[in-house]
Amino acid sequence: MTTFSWRRAGSVVLRQAYLIRGSLARVLPLFAWVATDMILWGFLTRYLNGVTRSAMDFVPTLLGAVLLWDFFARVMQGVTTAFLEDVWSRNFLNLFASPLSIPEYVAGLVASSIMTSAIGLVVMIALASGIFGLSFFSYGLLLFPFLLTLFVFGIAMGVVASAIVLWFGPASEWFVWPIPAVIAPFAGVFYPVSTLPRWMQAVAFLLPPASVFESMRRIIAGDAVSVGALAWSGGLALIYLLLGTWVFARVHRHAVRVGLIARYSAETVS
Amino acid sequence: MTHSSTVARVAQGDAPAHLVLSVSRLCKQYGAFVAVADISFAVQRHEILGIVGPNGAGKTTTINMILGVLAPTSGSITIEGYDVRAERQRALAHANFAAVYAPLPGNLTVEQNLRIYGLLYGVAHLKRRIEALLETFDLGRFRRVKCGTLSSGEQTRVQLAKAFLNEPSLLLLDEPTASLDPSAAHDVRERIQQYAATNDVGVLWTSHNMREVEETCHRALFLSHGRILLEGDPKQLPREHGQQSLDDLFIAVAREPVSGEPR
């Protein structure tokens, strides 16, 4: 029988807090890249608003899209970075030989990601609204389901990415970083999904962020948002989260069976 | 973690109360390669059991299986009557370990590492416990030093402090004195002997230092090619097998070809 202890899950968060507190190299990435993105895309939208004669406001469509996409990426990386800290410090043996369970460990990674991605979100909102006038009122209350769907999907992708690294070994972290960039073209972050060829639209249908960005554009265009589409994307994100956690647990079980935890750095699976 | 709950559990018939660890018909195979072949042994309360054997004999594989980080191909392991596979959390809450190949994260300070592992093991009155261990292992001046900057001997002491955090019923020590100078190694041996003598606990100890095994362990298992070849009092074993010392016996056993049934 496995019992869940918040104290044990909390120890994973505490470890991450200790690491961040004492390291500029960990503090800066929490907000530096997203701040750079906001500034770059902020000026680009300002320029586009100036040169195009259309009534379209690029700030909520482009800058808002970048903000939401960066939020998803930060949530995902919040999970994987917390996991990779154990990879980098070769801590698996100590960790998994303790009473810590996989649900507790994953909960700790998720809570760490909430802590780190919230910092990035606050900085992005401050820059986007303070400098470039992005108003979240333009999205209305639907901003919350947007953020929630992207958060859940980000967590799911982070857990899957951690499972990939656990399976393939430390060097496979390079599979993890490009995941948001690979998903972005399908998710229709900057353009309507109808722009894509049919097969890419089929993939987009299975990606929760696609519905979020489609809905976002509809709100800005003054069109009605499909509640069904939003419910689909939210439900899909939850399914991915459950699947991701199941995959991680399976990979961990495999790692225990073949001895991967005990000799992780040997990268015996390739 | 209380001994009373353990006693209650043991009384239900899960394991004899005097056994801290029970290993039964344990096997680990990787394809055709047999790392551990049908071994059985137990650790009693107040006992320090030494496992010795040449490199690749299966010592660390056995310890990894006891710690639940490696699944056996067959066989069972119980710690304080709890099956490591079926009741992993309860079993591991009664155990802890220190090994040269499992240093604590070098990017955290000694105190931070002990706090995190104290939370993981559910240690009560953690602050007080950490203070006591810092003093016991002479680590007070390193409390705010990152573990990665410590000497290997100092890191070993931190690992030992972590291993004692939850006052485990079963203490697994894989070459715990390998990086220590003779004086520090002597202190560690004394501390562990005292821990086993004054508490209802058992210790499983691996070492390549035969003098240490002779001096510290009440009983020793000679493991080779995943099999237990000899078992007995390390002070008596050499004479019983016609050897001058435990070192000589080790060499003789290590050079023995793989044959016969495991004991």
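The radius of gyration of chain A, taken over C-alpha atoms, is 20 Å. A compact globule of 270 residues would have a value near 18 Å, which agrees; the globule rule is 2.2 Å times the number of residues to the power 0.38. The model is predicted: local features need pLDDT of at least 70 and side-chain atom pairs pLDDT 80 or more, while totals for chains, interfaces and linings use all residues. Residues are numbered from 1 along each chain as its sequence is written, with chains lettered from A and ligands numbered from 1 in the order in which they are written.

Along its principal axes, the C-alpha trace of chain A spans about 65 × 40 × 35 Å. Chain A has 11 helices and 0 strands. Helices here are DSSP runs of H or I with at least four residues, strands are runs of E with at least two, and both are numbered from the N terminus. The order along the sequence is α-α-α-α-α-α-α-α-α-α-α. Of the 270 residues of chain A, 48% are buried. A residue is buried if 20 or more other C-beta atoms lie within 10 Å of its own, exposed if 12 or fewer, and partly exposed in between, with C-beta atoms placed from the backbone. Contacts are counted when two C-beta atoms, placed from the backbone, lie within 7 Å. Among the contacts of chain A between residues at least 6 apart in sequence, 77% join residues at least 24 apart.

Chain B meets chain A through 24 residues, which contact 27 residues of chain A. Helix H3 (88–93) and H4 of chain B each give two or more residues to this side. The largest share, 5 residues, comes from H4(B). By class, the side of chain B that touches chain A has 16 nonpolar, 7 polar and 1 charged residues. Nonpolar covers Ala, Val, Leu, Ile, Met, Phe, Trp, Tyr, Cys and Pro; charged covers Asp, Glu, Lys and Arg; the others, Gly among them, are polar.

Helix H5 of chain B (residues 126–136) has a buried side. B:Arg129, B:Ile130, B:Leu133 and B:Leu134 are buried. They lie on the same side of H5(B) because they cover an arc of only 135° around the axis. The arc is that of the directions from the helix axis to the C-beta atoms. An α-helix has 3.6 residues a turn, so residues three or four places apart point the same way. The buried residues of H5(B) pack against helix H4 (110–120) and helix H6 (152–164) of chain B. B:Lys127, B:Arg128 and B:Glu135 are exposed on the face turned away from the buried side.

B:His125, in the loop between H4 and H5 of chain B, has a phi near 50° and is not a glycine. This residue is exposed, with 10 other C-beta atoms within 10 Å. Just after H5(B), B:Asp138 takes a positive phi of about 50°.

Strands S1 (residues 19–30) and S2 (residues 33–44) of chain B run antiparallel and are joined by 8 bridges. Two strands pair if DSSP finds at least two bridges between them. B:Leu19 stands opposite B:Gln44 in S2(B). The two strands form a hairpin with 2 residues between them. In the turn, B:Gly31 has a positive phi of about 65°. B:Arg25, in strand S1 of chain B, has a positive phi of about 45° although it is not a glycine. With 12 C-beta neighbours inside 10 Å, B:Arg25 counts as exposed.
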